[in-house]
Amino acid sequence: NHCVCVSVAGVRAVQRLAEPQEQQQHSNCLIQEGEQLIAALRTQVGELEEKLPDQTQEVERLRSGVGATDLEKHLELLVVENERLKQELKACKTSLLQEAPPPACTATDCPHSQVRMGKINQQLEESKLHVGEMQRQLEESKCQQGEVEQQLSVRLRDCEEELARQAARTHQVKYVTEIVEVESSGSQQAVTEAQAKSAALQEQLSLQRQLLRELETQLHESQRTSTQLRAQILVYEGEMERAQGQLEAEMQNLEEEKNRVIEEAFIRAESEMKAVHENLAGVRMNLLTLQPALRTLTCDYNCLKRQVQDFPFMLEKAMTEAKQEICQVIGEVSSANQELLRKYKREMNLRKKCHNELVRLKGNIRVFCRVRPVCRGEHDSAENMVSFDPDDDALLYLSNKGKLMTFELDKVFHPQATQEGVFQEVQSLVTSCIDGFNVCIFAYGQTGSGKTYTMEGVAKDPGINQRALRLLFSEVTEKAPDWDFKITVSMVEIYNETLRNLLGDNQGEKLDIKMNPDGSGQLYVPGLTEFTVQSPEDINRVFELGHMNRATACTNLNEHSSRSHALLIITVAGVNFSTGHRTQGKLNLVDLAGSERIAKSGAEGSRLREAQCINKSLSALGDVINALRSRHSHVPFRNSRLTYLLSDSLSGDSKTLMMVQVSPLVCNMSESVCSLKFAQRVRTIELGNATRRQWENSSTTSSPTHDSIVLAPSSGQNMDMSGVF
Ligand SMILES: Nc1ncnc2c1ncn2[C@@H]1O[C@H](COP(=O)(O)OP(=O)(O)OP(=O)(O)O)[C@@H](O)[C@H]1O
């Protein structure tokens, strides 16, 4: 029906298009022909479609009738052929539909319509051919069908004949059976077997039919599967085509990209080539200009090469000459050095003599004053209270209650004075103990005035004690080639008139000062530790041990140190190897307890006892100094442990330095005045000339030792206590 509709539409379109009369007529003819052809085709198709079910039924019938393998094969062939015919018919229909003319077209498109008409004619021709071909095939299939029918009828006849034969045989057998039944039972059995065989054959036949049905089912299945597979193949083919299209597009793109890149690279390479060529030209030019310079360089190089070859000889020669010159200069320098050393030693001796003479002239008690700076956290104006004379470093002014008091001392240190500066002023005193003098340096002043700072100092900036010991050690080390020196150190503390050994193991032990039983008339302290210093490390150990022992004995070291006197006693004994000359000096470095008048402030209990003890020892010190100043025949050294212990350093043959510490604070004014008054009194004392403790080696001992030292009786004042303990 669709085909017919399309054809009618095509006819109408052609009718509309055919304008000229001839074309119209021709077109009409063609349309008529086309309509006739289409009608014929429709008839044929209808006939074919009508025949198809009959054929199928026939085949089915034949199939169900016979189960032979040949028949089945033939049947399959027929089915395939039928399928093919169906397909072709379908294709014919489709092509007819596709070739239908477009529904809308105008008369102006005539040439186009002619072409289309030509195409339709061609299609019609092809359709005719196709239909002819199909008719031929139909004839062939009819022939084949006739043959098959013939074969099947032959076969059926054979089968009927066979059945007839079988029936006849059965008949015969039945007849024979009846005869044989009478004659023998064996024959009867044979008949039964034949019947059974016949039944088996029947059964086999039904089985064969059953098998045939199964095979048919399988055939249907496989046909369906093959249809599905074909559809899949079509899908795959479509995908493959699409993929191939994509691949080709990509290939195309890549090809284009490749061409573009090659083109770019080519352009770049060309420009680079150009640049390289330009460079090359430049290099060539440079090469031409460099050639003369190269020649000069080669010439210089050869010259230098010759010089390098000659260099070892020249160097050796120069070295020999230089060595000779150096040896000569060294000889000259060493002889000059010897001369300088000799002069230096002479000068040093002269300086010492001068110093001693100066001390002798000034008196053996010297008094320095040190004003400590205002410490952080102390809000007090010191400027108004303490002032200094810019032209005389021995004067100090105190403005007390509007009255200016002047104090004259040997030296006044400003608050800005450094530990090093202070020590420089006392170091000649310190070193004089190497020459055999007894020296006593004590710091005096109220609590917090800076006594401990001056004597002990702080870890980063040590005071007189450490600096003195280090100086003595370095001095005796320098003298080592000619002298054998021994430095011993003791540390004691006097607290509440009790003497404690600060370098010993037993801190609880109380020491006593006794007369030496050897009859020398000297004092000694039994049980006091004397530490021999042999290296700078020993010095550190001494101070660490002393500080630790002092700290362990009390809960508050600062509090305790204010209430006790700390003494560092250094003894330096020496023997000159060449002359046998011996010396022994002692340096007492004393950090006195605070001098303030606590008793007046109403202290009680242990504080009162401490104050009483401090007052006792300090007033005993004042009494001793007073007695010395007044040239009394009796000096009361025994009135306190402190004066008793320091008696040899305060007596006539000793050098004494008192460092009066002054606080710059207004609140400490009265104590500062007291301290300075005491210091001035001390300064007026004359101890007489200091005397060296030295002996000539009168014994025959070849190597003198410290044990063999015999102290000479002290000269000067008429003291009851003299000499060392
Ligand atoms: N010349 C100085 N430069 C800087 N600080 C100082 C100086 N003198 C003293 N001081 C500081 O002042 C404070 C008191 O000094 P110090 O303890 O030496 O006094 P002191 O007289 O020994 O007291 P005490 O009798 O209680 O032992 C300390 O903090 C110390 O560091």
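**Notebook: strands, a sheet and a ligand shell**

I began with the hairpin that E13 and E14 form, which has five residues between the two strands, and in its turn I found Gly580 with a positive phi of about 80°. Before going further I noted that this is a predicted model, in which local features need pLDDT of at least 70 and side-chain atom pairs count only at pLDDT 80 or more, while totals for chains, interfaces and linings use all residues. I also noted that residues are numbered from 1 along each chain as its sequence is written.

For the element names I kept to the DSSP runs, with helices (H or I) of at least four residues and strands (E) of at least two, numbered from the N terminus. I took two strands as paired if DSSP finds at least two bridges between them.

**Entry: around E13**

I looked up how E13 and E14 pair, and the sense is antiparallel over ten bridges, with Val572 standing opposite Gly585 in E14. I then found strand E7 (residues 483–495) running antiparallel to E13 and joined to it by 13 bridges, and I noted Thr571 in E13 as the bridge partner of Thr488. How many residues of E13 (residues 564–576) are buried? I count a residue as buried if 20 or more other C-beta atoms lie within 10 Å of its own, exposed if 12 or fewer, and partly exposed in between, the C-beta atoms being placed from the backbone. By that rule twelve of the 13 residues of E13 are buried, and the strand is mostly covered.

**Entry: the sheet E2-E3-E4**

I followed three strands that form an open sheet in the order E2-E3-E4, with antiparallel pairing. Its edge strands are E2 (386–388) and E4 (403–408), each of which pairs on one side only. I read six bridges between E3 (residues 395–400) and E4, and saw Tyr397 opposite Thr406 in E4.

**Entry: the annotated stretch**

In the UniProt record, an unreviewed entry, I found "binding site" listed for Gly445, Gln446, Thr447, Gly448, Ser449, Gly450, Lys451 and Thr452. UniProt positions are in the numbering used here, feature names are shortened, and annotations may be inferred rather than shown by experiment.

I placed Gly450 in the loop between strand E6 (438–444) and helix H7 (451–455), whereas Lys451 lies in helix H7. Gly450 is buried because 23 other C-beta atoms lie within 10 Å, and Lys451 is buried with 29. For contacts I required C-beta atoms, placed from the backbone, within 7 Å. Not counting residues up to four places away in sequence, Gly450 touches Arg370, Arg372 and Gln661, and with the same exclusion Lys451 touches Ala443, Gly445, Asp591, Leu592 and Gln661.

**Entry: the ligand shell**

Which of the 15 residues around the ligand come nearest? I found Arg372, Gly450, Thr452, Tyr453 and Ser562, where a residue is near if its C-beta atom, placed from the backbone, lies within 6 Å. H7 and helix H10 (557–562) are the elements that give two or more residues to this shell, and H7 gives the most, with three.

**Entry: Ser595**

I ended in the loop between strand E14 (582–591) and helix H11 (605–629), where Ser595 is found. Ser595 is buried, with 22 other C-beta atoms within 10 Å. Leaving out residues up to four places away in sequence, I listed its contacts as Tyr444, Gly445, Gln446, Leu618 and Ser675. The C-alpha atoms of Ser595 and Ala611 are separated by 9.0 Å, although the two are 16 residues apart along the chain.

Terms used
Contact = placed C-beta atoms within 7 Å.
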